[in-house]
Amino acid sequence: MKNFTGFRHLLLYSFAFIPMMAFSQSEPMLRKLSIAELAIANLYVDSVNEEKLVEDGIRGMLEKLDPHSAYSNAKEVKAMNEPLQGSFEGIGVQFNMVEDTLLVIQPVNDGPSEKVGIIAGDRIVSVNDTAIAGVKMSKEEIMRRLRGPKGTKVVLGIVRHGINEQLKFTVVRDKIPVKSIDAAYMIRPGVGYIRIGNFGATTHKEFEEALDKLFLLGMNDLILDLQENGGGYLQAAVEISNEFLEAGDLIVYTKGRRVPRHEYKARGNGRFLKGKVVVLIDSYSASAAEIVTGAIQDQDRGIVVGRRSFGKGLVQRPIDLPDGSMIRLTVANYYTPSGRCIQKPFKKGDKRDYAMDMIHRLKSGELTNPDSIHFVDSLKFYTLRKHNTVYGGGGIMPDIYVPLDTTKYTKFHREISAKGILVQTNLKYVDSNRKKLKKQYTEFQLFRDKFETPQEVIDKILKEAEKQKIKPKDDEELQKTLPLLKLQLKALIARDLWNMDEYFSIINEQNDIVIKALTVL
């Protein structure tokens, strides 16, 4: 009876949050499921992996529900939580792989690697005397060797430009912060820019720090960039929304079949209650990003610019299982202050069609022509102060729509980007010229105004592309590709010499949605 007891314990643990009445009603189904697992484990003609059998059973049940209810094993849970929890334990470097060698882009400020003297441009070639360079080791395996519990030591073999012998550094692993704010800088005099990558445990604290920095630099108005923000913690979205809204303003409410209505309201202690706000969204802005956008739009606090958001209005409750795995079960819908649920339509069990939504949008012409979008009158709502018309049931429609410029990225550009030629060429250039560039451009302002991407770098990209049988169809396509290529390279070089603020400071100058926001302000 060992198998039966273990499986039953798992089921009871999983359903511990369900009221006893509902649990008693489920007893016959639980017994049926237990008997099936017991029979397969003990009577099936071949041996079976019971752990996989149970996992497949859970996945099978969840696959018949909505597209966002899901099961993750312990390893997947750990990888999924790190960006949201705001830290992991390791050596503290930003890196990239150049061919088969780990190249340090930047050590984390005041992190364990920086403390022992590891610098940008260093190559990590061994970990605890085991070679990781030139041995075709996977990136995942390299990361596994570098990460480890806080307080443990790891000996790194380093190759550095200008030093003949290999250097050895003993690094004491520590908690490494994972930032959820990608950039915060002054995009124009009086106008600040903050880009949030996801909504995690540290997002609000990071946002407060970003506001402090920008206020000191003279910020009056703000561009809040939520493009490509896939969401995260609901509470983080509530805290960010609170920064903009008056006391008592409704931010969002949730409601489900067994989850009573729960409202989240602004406390009135926000730091940005007066200045103009423009929120940027695109087709990949989802979940928590849509909560913030919906609150600001419905309360008529700011203007939304961009393209229709993803449309995820479902709330998942994490159900932790004894082995570290987790079920994320949809238990409620969330609603913006005007009462709209922005969840886009889906068929239960049909995740493929749901995943193809972006392709459908492109084919329908929506991304290039907003007039092709049709909302039904039954999903019409009104903002709370100015009574502007807004719609539910399919993402958030911006106040000002910015069509996708499909001519900007040529086929040639897409191919060299997909093959990694652009990034690899940039890394090699910076690696060879870091000291010279730092000496020539002592501050970013000088770099932004004076630096032009060298022709030799473009030539190397074209040569490598040709080597991989990637060619522009004609000179016209090549000439159309070069301006964006040069801008991207300049932005990547700025990132590697400074940080992400400088990267976005350059790349945003060709982002149509950002440019439209600036004209609005």
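Me: Over how many bridges do S13 and strand S18 (residues 326-335) pair in the antiparallel sense?

Reply: This is a predicted model, in which local features need pLDDT of at least 70 and side-chain atom pairs count only at pLDDT 80 or more, while totals for chains, interfaces and linings use all residues. Residues are numbered from 1 along each chain as its sequence is written, and side-chain values use heavy atoms, with hydrogens and water left out. Helices (H or I, at least four residues) and strands (E, at least two) are DSSP runs numbered from the N terminus, and two strands pair if DSSP finds at least two bridges between them. Thr 254 has Tyr 334 in S18 as its bridge partner, and the number of bridges over which S13 and S18 pair is three.

Me: How many residues lie between S13 and S14 in the hairpin that they form?

Reply: S13 runs antiparallel to strand S14 (residues 262-265), to which four bridges join it. In one of these bridges, Leu 250 is partnered by Lys 265 of S14. The number of residues between the two strands of the hairpin is six.

Me: How many of the six residues of strand S13 (residues 250-255) are buried?

Reply: A residue is buried under 20% relative accessible area, exposed over 50% and partly exposed in between, with a 1.4 Å probe and protein chains only. By this rule S13 is mostly covered, and its count of buried residues is five.

Me: Which residues make up the uncovered face of strand S8 (residues 167-172)?

Reply: In a regular strand the side chains alternate between the two faces of the sheet. S8 pairs antiparallel with strand S7 (residues 153-159) through six bridges, with Val 172 of S8 as the partner of Lys 153. The covered face of S8 holds Leu 167, Phe 169 and Val 171, and the uncovered face holds Lys 168, Thr 170 and Val 172.

Me: Which strands stand at the edges, each with a single partner strand?

Reply: The sheet is open, with six strands in the order S10-S11-S12-S15-S16-S21 and mixed pairing. Each edge strand has one side left without a neighbour in the sheet because it has a single partner, and these strands are S10 (181-188) and S21 (400-401).

Me: Which residue in S11 does Arg 188 stand opposite?

Reply: S10 and strand S11 (residues 191-196) run antiparallel and are joined by six bridges. Opposite Arg 188, S11 places Val 191.

Me: At roughly what angle do the axes of helix H8 (residues 234-242) and helix H9 (residues 288-298) cross?

Reply: Axes are lines fitted to C-alpha atoms, for helices over the stretch in contact, and angles run from 0 to 180 degrees between N-to-C directions. Angles under 35 degrees count as roughly parallel, over 145 as roughly antiparallel, 65 to 115 as roughly perpendicular and the rest as oblique. H8 and H9 are therefore roughly parallel to each other. Their axes come within 9 Å, and the crossing angle is roughly 25°.

Me: How many nonpolar residues are there in the contact of H8 with H9?

Reply: Contact, meaning heavy atoms within 4.5 Å, involves Leu 234, Ala 237, Ile 240 and Ser 241 of H8 and Ala 288, Ile 291, Val 292 and Ala 295 of H9. Ala, Val, Leu, Ile, Met, Phe, Trp, Tyr, Cys and Pro count as nonpolar, Asp, Glu, Lys and Arg as charged, and the others, Gly among them, as polar. One residue of the contact is polar and none is charged, and the nonpolar count is seven.

Me: How many Å apart are the axes of helix H15 (residues 455-467) and helix H16 (residues 475-497)?

Reply: Gln 455, Val 457, Ile 458, Ile 461 and Leu 462 of H15 meet Leu 478, Leu 482, Leu 485, Lys 486 and Leu 489 of H16. This contact comprises eight nonpolar residues, one polar and one charged. The helices pack at an angle of about 120°, and their axes are apart by 11 Å.

Me: Which elements do the buried residues of H17 pack against?

Reply: Helix H17 (residues 500-507) is mostly covered, with six of its eight residues buried. The buried residues are Glu 502, Tyr 503, Phe 504, Ser 505, Ile 506 and Ile 507. They pack against S10, S11, helix H14 (444-450) and H16.

Me: Does Gln 510 count as buried or exposed?

Reply: Gln 510 lies in the loop between H17 and helix H18 (512-520). Beyond its neighbours within four places in sequence, Gln 510 contacts Lys 408, Tyr 409, Leu 484, Leu 487 and Ile 515. Because its relative accessibility is 17%, Gln 510 counts as buried.
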